[in-house]
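Keep the 3D view open as you read.

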Amino acid sequence: MDAALYGPGGFYVRPGGPGPAGHFRTSVHASALYAGAVARLLRWVDAELGHPQGLDLVDVGAGRGELLAGVLAALEPETAARVRPYAVERAERPEGLDPRIRWVGAPPEGAAGLLFANEWLDNVPLEIAEDGRYVLVAPDGTESPGGPLDGADRAWLERWWPGGTRTGRAEIGRARDEAWAGAVASLERGLAVAVDYGHTRDARPPYGTLTGFRAGREVPPVPDGGRDVTAHVALDSCAGPGAVLLTQREALSGLGVSGSRPAPALASADPVAYVRALAAAGEAAELTARGGLGDFLWLCQPVGIRAAWPGAAAG
């Protein structure tokens, strides 16, 4: 999985082409409302930090920098001037990117602000277990049984994936836990948010979720470098002290994204505004839809601030 996604010629690092956006649609690509919501969350973090002179915005798994560009455009100039935007990516910096965006290979140490990871953890490579053994995979996707699980992976499954060490298929999330802990540790103060396909201990998928995406279609997870290979994230196992887990529907609603249709009277009073509001309502509905993007999970981890979410109780 690591070689297929990040090795030479891997899916996420190959030069040229449309990048990941040419293969699948994320919330970032679905609507500018998403970047606007992240901008509102950044304003809240800014207030929690006392409006520092330098406000860090770290986008982990930044793709081609689309979310950072959208957030900068959504902020008022006075706030945007204080923002230090970082795109954390393993691919090369794309041409034409806003020069304010710093392109880095790892989150900056000692950041103060908002660290945001939209659909990053699902692409952190992981091991698959079946009947207490590792599953091996060839470049053509053929699977075969591997050796017995080591102690750390066995312990993770015993705690987080009921029955995963004894029978059936399970996805070992320990690598995602460690990747997220490392990203959170880079923050000196602020909020870390991971948004992803996810599940919790009481609803683990019995046959796993490993799959592939190419050219807008779900395809078998063949690790050939020509497609995304992804698996849903056990976000509850990633959570640290004080973390809050929300659905995207809950999170975006709290950040002012609403799918409510505009009042019919607006159509006659201001037809252009009505059409604009109707389009925004449609985009908001897609971002918050049950059975779709609205079911994504937001893991919100505070670091040195009072709460994990606007309006949440302190402590």
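In which helix does Tyr-34 lie? Tyr-34 belongs to helix α3, residues 32-48.

## About the model

This is a predicted model, in which local features need pLDDT of at least 70 and side-chain atom pairs count only at pLDDT 80 or more, while totals for chains, interfaces and linings use all residues. Residues are numbered from 1 along each chain as its sequence is written, and side-chain values use heavy atoms, leaving out hydrogens and water.

Tyr-34 counts as buried because its relative accessibility is 0%; buried means under 20% relative accessible area, with a 1.4 Å probe and protein chains only.

Look next at the loop between β4 (111-118) and β5 (127-130), where Asp-122 sits. Strands are DSSP runs of E with at least two residues, and helices are runs of H or I with at least four, numbered from the N terminus.

What Asp-122 does have is a side-chain polar contact with the side chain of Thr-230, at 2.6 Å. Such a contact is a pair of N or O atoms within 3.5 Å, one able to donate a hydrogen and the other to accept it, and residues adjacent in sequence count only if both atoms are side-chain atoms.

The structure holds one cavity of 30 Å³ or more. On a 1 Å grid over the protein atoms alone, a cavity is a set of points where a 1.4 Å probe fits but cannot get out; a pocket is an open set with protein on both sides within 12 Å along at least five of seven lines, and lining residues have an atom within 4 Å of a point. Residues lining the largest cavity include Trp-161, Arg-176 and His-199.

The second largest pocket has about 270 Å³ of space, a volume filled by probe spheres set on grid points joined across faces, edges and corners. β6 gives the most to its lining, with three residues.

Methods
Buried < 20%, exposed > 50% of the residue type's maximum accessible area, 1.4 Å probe, protein only.
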